[in-house]
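Q: Could you walk me through this model before I set anything up? I'd like to go over the pockets, the contact between the chains and the salt bridges.

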Protein chains: 2
Amino acid sequence: MIPTQMLKGTLEGCILGILSQKETYGYEISSQLAAYGFGTIPEGTIYPLLLRLEKNGLVSAAYRPSELGPRRKYYSLTPAGEAELQQFMQNYAELSRAVGNLLSALKGDTDHE
Amino acid sequence: MIPTQMLKGTLEGCILGILSQKETYGYEISSQLAAYGFGTIPEGTIYPLLLRLEKNGLVSAAYRPSELGPRRKYYSLTPAGEAELQQFMQNYAELSRAVGNLLSALKGDTDHE
DNA sequence: CCTGACTATTTTGTATTGCAAAGTACCTTG
DNA sequence: CAAGGTACTTTGCAATACAAAATAGTCAGG
């Protein structure tokens, strides 16, 4: 299980990433995240996050009926959202490199082998 | 600059990692983090975090005088701290893999090439 | 018809954690 | 004695993942 604190900041970027592929809705995003290897991200996380993204203008939303259940709220990236996604990927790469540097210094000590 | 939210959870693990190499003190940890590629992590982050680690029994601490300034508080990993570090590395790998999966699906679409 | 299971969203409140800001204090150098 | 670098502490704040409960639609089985 990925600890909740470690998801902070990255989860938002990941959802932007999912939305960059195709417009979709909260319940579906939840199962996609599970498929990518994040555990089960609970509703209490997904939906407030999506509302926040909408409020900040990073996504736009529209309710549409479903054939087999209650209405769905479909989200899609705005230009601001795409820019934010780019920024996220850059920031994540930076973090990833820093942590990689540190962790590789622990086991290896030697930089070759 | 790595956004503050994205550091949550990982920073603690990284400091445990630094302490696993050798016992050291806050001010020095700060400069090591900078060297690894985290930006400048401010004092208001480092010191409270170290106090928290101590309170939780993951590190032990001892004041020792310095030849060229005020006394230093040296920290070293406890067995519980080492265990926590192992746990962190595992969790980080899990997160890293999940985000990698997701992000690689964005540009590539194809899983080979 | 009704109960349960699955789909789907919203809202309220809580805990964790990085950070800003201010203060204390030691040492060296001009 | 003032200034700057070293070194630690404390208080309070902001952001965000999550738990929990409520609402509501569809469908299958009894």
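**Pockets, contact and salt bridges**

A: To begin with the second largest pocket of this predicted model, its lining is made up of 13 residues, and those lying nearest its centre are Y25(B), Y27(B), Y47(B), R71(B) and R72(B).

Q: Which elements give two or more residues to that lining?
A: They are α3 (26-36), α4 (43-55) and β3 (69-77), which belong to chain B. The largest share of the lining comes from β3(B), which supplies 6 residues.

Q: What volume does the second largest pocket have, and how does its lining split by class?
A: The volume of the second largest pocket is about 280 Å³, and its lining divides into 7 nonpolar, 3 polar and 3 charged residues.

Q: OK, and how much space lies in the largest pocket?
A: The largest pocket holds about 500 Å³ of space. It is lined by 28 residues, and the ones closest to its centre are L7(A), K8(A), G9(A), L11(A) and E12(A).

Q: Which three residues supply more than any other three of the area that chain B buries?
A: Those are M6(B), Y36(B) and L102(B), which supply 21% of the area that chain B buries against chain A.

Q: How many salt bridges are there between chain B and chain A?
A: The count between chain B and chain A is 0, although the structure as a whole holds 8 salt bridges over all chains.

Q: What does E23(A) pair with, then?
A: E23(A) forms a salt bridge with R64(A), and the closest N and O atoms of this pair are 2.3 Å apart. The pair links distant parts of the chain, 41 residues apart, with E23(A) in the loop between α2 (10-21) and β1 (24-25) of chain A and R64(A) in strand β2 (residues 59-66) of chain A.

Q: How exposed are E23(A) and R64(A)?
A: E23(A) is partly exposed at a relative accessible area of 36%, and R64(A) also counts as partly exposed, with 35% relative accessibility.

Q: What about E23(B) and R64(B)?
A: The side chains of E23(B) and R64(B) meet in a salt bridge at 2.3 Å, N to O. E23(B) sits in the loop between α2 (10-21) and β1 (24-25) of chain B and R64(B) in strand β2 (residues 59-66) of chain B, so the pair ties together parts that are 41 residues apart in sequence. E23(B) is partly exposed, at 36%, and R64(B) is partly exposed, at 35%.

Q: One last pair: what is the N to O distance between E28(B) and K22(B)?
A: The closest N and O atoms in the salt bridge of E28(B) with K22(B) are 3.5 Å apart. E28(B) counts as partly exposed at 25% relative accessibility, and K22(B) counts as partly exposed at 43%.

Key. Residues numbered from 1 in each chain as written. Chains lettered and ligands numbered in written order. Predicted model: local features only at pLDDT ≥ 70, side-chain atom pairs only at ≥ 80, totals over all residues. Heavy atoms only, no water. Salt bridge = Lys/Arg side-chain N within 4 Å of Asp/Glu carboxyl O. Helix = DSSP H or I, 4+ residues; strand = E, 2+ residues; numbered from the N terminus. Buried < 20%, exposed > 50% of the residue type's maximum accessible area, 1.4 Å probe, protein only. 1 Å grid on protein atoms, 1.4 Å probe; cavity = no way out; pocket = protein on both sides within 12 Å on 5 of 7 lines; lining within 4 Å. Points joined across faces, edges and corners; volume = space filled by probe spheres on them. Nonpolar A, V, L, I, M, F, W, Y, C, P; charged D, E, K, R; others polar. Buried area = accessible area lost by both parts, 1.4 Å probe.
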